[in-house]
Amino acid sequence: MVLRPPAKVNLSLDVLGRRPDGYHALRSVMQALDLHDTLEIYPADDLALDCDVPALGGETNLAWRAAILLREETGYRGGARLVLRKRIPIDAGLGGGSSDAATALIGLNRLWGLGLSEERLAALGARLGSDVPFFFYAPTALATGRGETVVPLPPLPRVHVVLLKPHTGVSTRQVFAALTPALYSDGSQTEALLATLRANLPPSAWSLSNDLQRTACLLYPAVARALDELRAAGASNPLMTGSGSTCYALFAREEDARHTYERLHGAGNWTTLTSTTTR
Ligand code: C5P
């Protein structure tokens, strides 16, 4: 089985406030990208994970933890060999680890013939990370709660995306912890985005926003520089995704996206040209 866990970006991310359980209440439109990892799953007697990024080969890997969780929940005793090739950068706000976990749940449910519903798998995924359930409702969805309550939205037209990730990865926990109540919002930015999407406006007119961006820029100046570099390379409205550190810009025309990508490529940061997934 060869599967392709996609990356995501947050087109909006409203932080509504801090919850009694320490998480933050969110309202976010999430969008899957064509950029993806590759997860191969083979029948095997024992569980094993091979990852081309050695640091991710251990038991903290979310795909591995997904496999363990699925076995624990169902009492299934068999194994599988997971071969994970990473193309989505780590600690980047692109949901790579979460997507690997969601894809492992889907693939192993199939391989092991467990027959769990997507809803049940998504609920298991939520125990691994707030972003995991989105990947069951991709390509476009509205996430609420701590991010784990997801409803699909009508898929958007294909849009070209330039991603720029500074060398610094970020700590999601640290970014959320540094938020002050003055930076909370009421969800109206996501509503504004949904209105621009419903109106079929071009991506340059989409009302993108991220309540974590200001804090991430203060904690990690490289994020602010990445936004400046995107602007200098021709992006009109760049934004950070998730808790960072990746920043992105959207383009209706591939030619414009390529122009920006080519101006950034080779300048030291990780950059790529991809597009939104439409189905
Ligand atoms: O859910 P996940 O494990 O991905 O979250 C990582 C960390 O990010 C949490 O431990 C928490 O500190 C922070 N977080 C938060 N509110 C959310 C999601 C994450 O405060 N809605």
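Guide: The conversation below goes through the ligand, the pockets and some backbone details of this predicted model.

Visitor: Let us start with the ligand. Which residues surround the ligand?
Guide: The shell around the ligand is made of G22, Y23, H24, L26, G129, S130, R146, T172, R173 and F176.

Visitor: What classes of residue are in that shell around the ligand?
Guide: The shell has five polar residues, three nonpolar ones and two that are charged.

Visitor: And which elements each supply at least two residues of the shell?
Guide: They are strand 4, covering 24-36, and helix 4, covering 172-177. Helix 4 gives the most, with three residues.

Visitor: Which atom of the ligand lies 2.5 Å from a polar side-chain atom of S130?
Guide: An oxygen atom of the ligand is found at that distance from S130. The side chain of H24 also has an N or O atom 2.8 Å from a ligand oxygen. At R146 the backbone takes part: one of its polar backbone atoms is 2.8 Å from a nitrogen atom of the ligand.

Visitor: How much of the ligand does the protein bury?
Guide: The protein buries 77% of the 450 Å² that the ligand exposes when taken alone.

Visitor: Now the pockets. Which pocket is the space taken by the ligand?
Guide: That space is the largest pocket, and the volume of this pocket is about 1300 Å³.

Visitor: How many residues line the largest pocket, and which are closest to its centre?
Guide: The lining has 49 residues, and S98, D131, T172, R173 and S243 are the closest to the centre. T172 and R173 also belong to the shell around the ligand.

Visitor: How do the lining residues of the largest pocket divide?
Guide: There are 20 nonpolar, 19 polar and ten charged residues in that lining.

Visitor: Which helices and strands each supply at least two residues of that lining of the largest pocket?
Guide: Among the strands, these are strand 2 (6-10), strand 3 (12-18) and strand 4. The helices are helix 1 (62-74), helix 2 (96-111), helix 3 (118-128) and helix 4.

Visitor: What about the second largest pocket: how much space lies in it?
Guide: The second largest pocket holds about 350 Å³ of space. Its lining has 19 residues, with R4, P6, F135, A138 and R279 nearest the centre.

Visitor: Which element gives the most to the lining of the second largest pocket?
Guide: Strand 4 does, with five residues. Helix 2 also supplies at least two residues. By class, this lining has twelve nonpolar, four charged and three polar residues.

Visitor: A change of topic: which peptide bond ending at P139 is cis?
Guide: The bond from A138 to P139 is cis, and its omega is near 15 degrees. P139 is placed in the loop between helix 3 and strand 8, which covers 140-144. Another cis bond runs from G244 to S245, with omega near 10 degrees. S245 sits in the loop between strand 12 (239-240) and strand 13 (247-251).

Visitor: Why point these bonds out?
Guide: They are pointed out because most peptide bonds are trans. Most residues other than glycine also have a negative phi.

Visitor: Then what is the phi of D91?
Guide: D91, which is not a glycine, has a positive phi of about 55 degrees. D91 lies in the loop between strand 7 (79-85) and helix 2.

Visitor: And where is N200 found?
Guide: N200 is in the loop between helix 5 (188-198) and strand 11 (209-210). N200 is not a glycine either, and its phi is positive at about 55 degrees.

Technical notes:
Residues are numbered from 1 along each chain as its sequence is written. This is a predicted model: local features need pLDDT of at least 70, side-chain atom pairs count only at pLDDT 80 or more; totals for chains, interfaces and linings use all residues. Side-chain values use heavy atoms; hydrogens and water are left out. A residue is near a molecule or strand if one of its heavy atoms lies within 4 Å of it. A polar contact is a pair of N or O atoms within 3.5 Å; within protein, one must be able to donate a hydrogen and the other to accept it, and residues adjacent in sequence count only if both atoms are side-chain atoms. Accessible areas come from the Shrake-Rupley method with a 1.4 Å probe; for residues, only the protein chains shown count as cover. On a 1 Å grid over the protein atoms alone, a cavity is a set of points where a 1.4 Å probe fits but cannot get out, and a pocket is an open set with protein on both sides within 12 Å along at least five of seven lines; lining residues have an atom within 4 Å of a point. A molecule sits in a cavity or pocket if more than half of its atoms lie within 2 Å of its grid points. Helices (H or I, at least four residues) and strands (E, at least two) are DSSP runs, numbered from the N terminus. Ala, Val, Leu, Ile, Met, Phe, Trp, Tyr, Cys and Pro count as nonpolar, Asp, Glu, Lys and Arg as charged, and the others, Gly among them, as polar. Grid points are joined across faces, edges and corners, and a volume is the space filled by probe spheres set on the points.
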